[in-house]
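Welcome, and thanks for taking a look.

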Amino acid sequence: MIFEQLVKESPLAMYTCDASGRVTFFNAAAAMLWGREPELLKEYWCGSWKIYYPDGRPMDLDSCPMALTLKHGKPHVGEEIVIQQPDGEFRSLLVYPSPVFDENKVLVGAYNTLVDITDKKSSDEKHEILSAIVESSDDAILSKGLDGVIRSWNAGAQKIFGYTEEEMIGKHISVIIPPRLISEEEVIISNIKAGNKIDHFHTVRMHKDGHEIEISLTVSPIKDAFGNIMGASKVARDISELKKAERQAYQFAKRQTLLNSIGTAISEKLDVKEILQRVTDATTEITGAAFGAFFYNTYDESGESFMLFTLSGAPREAFEKFGMPRNTAIFHPTFSGEGIVRLDDVREDPRYGKNPPHYGMPAGHLSVVSYLAVPVISTSGDVIGGLFFGHPEVGVFKAEHEEILASIASQAAVALDNSKLFEEVMALSEKKDEFIALASHELKTPLTSLKGYLQMLQKEKGSKMAEFFVDKSLKQLDRLGALIGDLLDVSKVEAGQLQFNFEFFDFHKIVKDIIETFHYNTTSHQISFSGPEEELIVWGDQQRIEQVIINLLNNAIKYSPNAQEVFVELQKKEDLAILTVRDKGIGLTTQQQKGIFKRFFRAEGVAHIAGLGLGLYISKEIIDRHEGSFIVKSEIRVGSEFGFSIPIKNVEG
Amino acid sequence: MIYLVEDDRDISEMIIILLTEFNLDVKSSSTLSEFRRLIAKGTPDLILMDIMLPDGNGIDECKELKEGDDFKNIPLLLMSAHAQSKLVVQECPADGFIPKPFDIYDFMAQVNNQLSKAS
C-alpha cells in the first residue's frame, strides 16, 4: 500500500506502540533519530537511549509524552523533549503522540511523530546570543535598508544618539547625520550596493539634542536569503574619548617639539632681546594665552618698577599707554621671585583690585581673567623679571603649564646669564680692537718723524760707515712700519672694517714691479718670474693685492733661509688670474697647513724667524674679499707653494 | 707759502725742516681754529692737513674748503696714519693723500707736483 510506503520511507521519524506501551513499529527515520533500533514488543514508549526534559533534567520513560498519551488516552502534541543518542549526541525533538481507539472506544495503541528541531534550536540559540550581544553592546548597532530607513536600533545606539528604538525605527538615517556631511550617506550606500564594507571610518554624527559626536563607523552589507544586498548593518563607536586622547598626545608631542626648539634656540642665541622674545613667544603659545609679556625688573625712585621688554600676542601699543605694573600685591610674588602665580579668575583673588590708582585693571587694558605669572631668576639668584600671561576666559591655565614654564624659565635664565657673559666678552674684544687701532695710530706718529730725519740724514752723505748705518736703520724702520700696519689691518679685519677700493689694474705689471723692488732690496734670494709677458687686467684693490704678493714673497724668503731662489709664476686660466710663489724652504706639515691662515698662527720651530703671524691672516681676508681663493702645497723640508687666484672681470663687464 | 695743519709737535717740526731744506716757506698751525685765523689773513699756495686734529676732522674741513668759493682752488693734501689713500680721496675732493710714515722723496714729489699746478 502507498501509505505503508509513505510511512516506512518518510524522512520524519514515526513509530507506534500498543495499548500497554510496547513499541510495535518504527520507521527508518526513527531509528536514525534514535541512533538505535529498539526491540519490538520489548521496549516501552520510545526508542531513545535516554530522554530528558528541555531544561536538562532526565525524564523517566514512563513520563514521556507517549507514555502520558497512552495513560491519559489524550494526545500530548507539540511538546519538546531532548533525547540522547548512544554516541552521546543530543537532539531536541517536538513530539506528536496520538492515541488510537477501536470502534468501541477502546484504546488499542498510539502513534508518534518526532520532529527534529535541533538545528532550529541551535539557530534560535544563536539568534538569542547575538541579540543579547547587540543589546548589551556599548556601541551603536543598527541596520537600515538600501533606502536608508532604519530597521533596527540597539540600546547602545540609544545611549550614544539619545533616540529610543521606537523613535528611530522607520526613520531615515539622515536624522543623525549633520547637514554638512549628508553626502557621506550616498557614498556609504553606493559602497554597500557594490558589496563593499566600510571599516573604521572616522566621522561625526549628531545626538538628539543637537551636539556632535565623533564616531568610528563600520558598515557591512546585509544579504537576504538569495544573496542579494538588501541593507546595511552599522556599528558606530563613540570615539570622543579616543579623539580627545589623540589630541592630547598630539598637543604633548607638539609641546615637546616646541620645548626642544626653545631649548636649542635659547642655548644658541646670545642676544638678550632675541632670547627673551623667543621665550615669550613660545611660552605664550604653549600656555594658550591670549597674550604674554616679559617685564624686566628694574628699580626706580618710587620703588620697584618694571620695564616691558618683550611682548607676544598683542601689539606694543596695547600696553605702552599704561604705566608699568607696579609692585602691587598681585605682582609682588613674581617680582620677589617667590613663585608661580596661577589664577583661574584674577578678579576673584583677594589681592586684586586693592591698589590705587586703578583698583584693578586700568580701563582699556587687555582683558585678563585667567592669569599666570612666572618669575625668571638668574643662576646667581637675582630676579631678572617675570613672564606674564593673560586670557579673557576663565581657567585657561592648568597645573601642567606651571611645570613647563618653570623649566623654560630656568633655561632662559641660564641663557640670559650666558648672554651677559658673552656680551662682556664681546665688549672686551671690542675694547681690545679699539686699543690696537689706537696703538697703531700712536706708534706711527714717532715713526713718521724718525723716518723723515733718517732720510734727511741719508741725504747728508757722510762717511761710508755713516751711510751704512743710516741705511740699516731705515730698513728696520720700514719693518717696524709694516708690523704696525699689519696690527692695524688685523684689528680692522676683526671689526669687519677693512676697506677696499676696487678698480681695474694690470696684475702683470704690479707683479713685475714688486719683483723688481725685491731685487733691489734682497740679496739673499734670487726671484725669478715665469708667465705670459703681457697685460693682465683684473678687477680689485691694487694696494691690497700688492700687500698679499709682498706678504707671500716675504714669507718665501723668510722660511727658506738656506735656499737662494724663489719662483714666481703668473697664469691666466679661463676667467682666473693665478699667482704662485714657490720656495725651497722648511715647508709645512699637514697639521700646520690647516692652521696657517689663523690669526697669530706661528708654526712650531720658527721662533727664530721674526714675525707676528698676521700676514697670511690678512692676506686671506683680502683674497676672500676679492672672491678668490688660496691654494697651499707644501712638503716638510722640501718647500712650499703658496698661490692665490682672483677672478678676471671683463673690462667691458 | 705752504700752510701746515698738524697737531703733533715732532712731526710738525720735522716737516718744517724738510720743506725748508727744499727752500719752501711754511707756516704751521696745530688746530683748525688757528688755521682758519691764518687763512683769513692770507691764502697759501698749498695746504698740508692732518686728518686727526684736536678740534676737528681734516676730511670735513677739506670738504668745506672745497665747497666754498674762497679757497676751493688752493691745492690741499691730506695726511694720516690711519685711513687708506684712495678711500680718503673718495670721501672728499682733496688733491692728494700722504700716508704716515712717508718717504721724504714721495712727500716732496707730491708737494712739488701740487705747487707747480698752482703756478
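## The sheet

Two strands count as paired if DSSP finds at least two bridges between them; strands (E, at least two residues) and helices (H or I, at least four) are DSSP runs, numbered from the N terminus. The model is predicted: local features need pLDDT of at least 70, side-chain atom pairs count only at pLDDT 80 or more, and totals for chains, interfaces and linings use all residues. Residues are numbered from 1 along each chain as its sequence is written, while chains are lettered from A and ligands numbered from 1 in the order in which they are written.

In chain A, five strands form an open sheet with mixed pairing, in the order β19-β21-β22-β24-β23. At its edges stand β19 (526-530) and β23 (629-635) of chain A, each with a single partner strand, so one side of each has no neighbour in the sheet. From one strand to the next, the twist averages 15 degrees (angles run from 0 to 180 degrees between N-to-C directions, with axes fitted to C-alpha atoms, for helices over the stretch in contact).

β19(A) pairs with β21(A) (residues 565-573) in the parallel sense, over five bridges. There, I527(A) is opposite V566(A) of β21(A).

## Helices on the sheet

Helix α14(A) (residues 507-521) packs on the sheet and touches β19, β21 and β22 (576-583) of chain A; contact means C-beta atoms, placed from the backbone, within 7 Å. The direction of α14(A) makes about 160 degrees with that of β19(A).

Helix α15(A) (residues 542-558) lies across β19, β21, β22 and β24 (639-647) of chain A, at about 20 degrees to β22(A).

## After helix α13

G496(A), which follows α13(A), has a positive phi, near 65 degrees.

Conventions. Contact = placed C-beta atoms within 7 Å.
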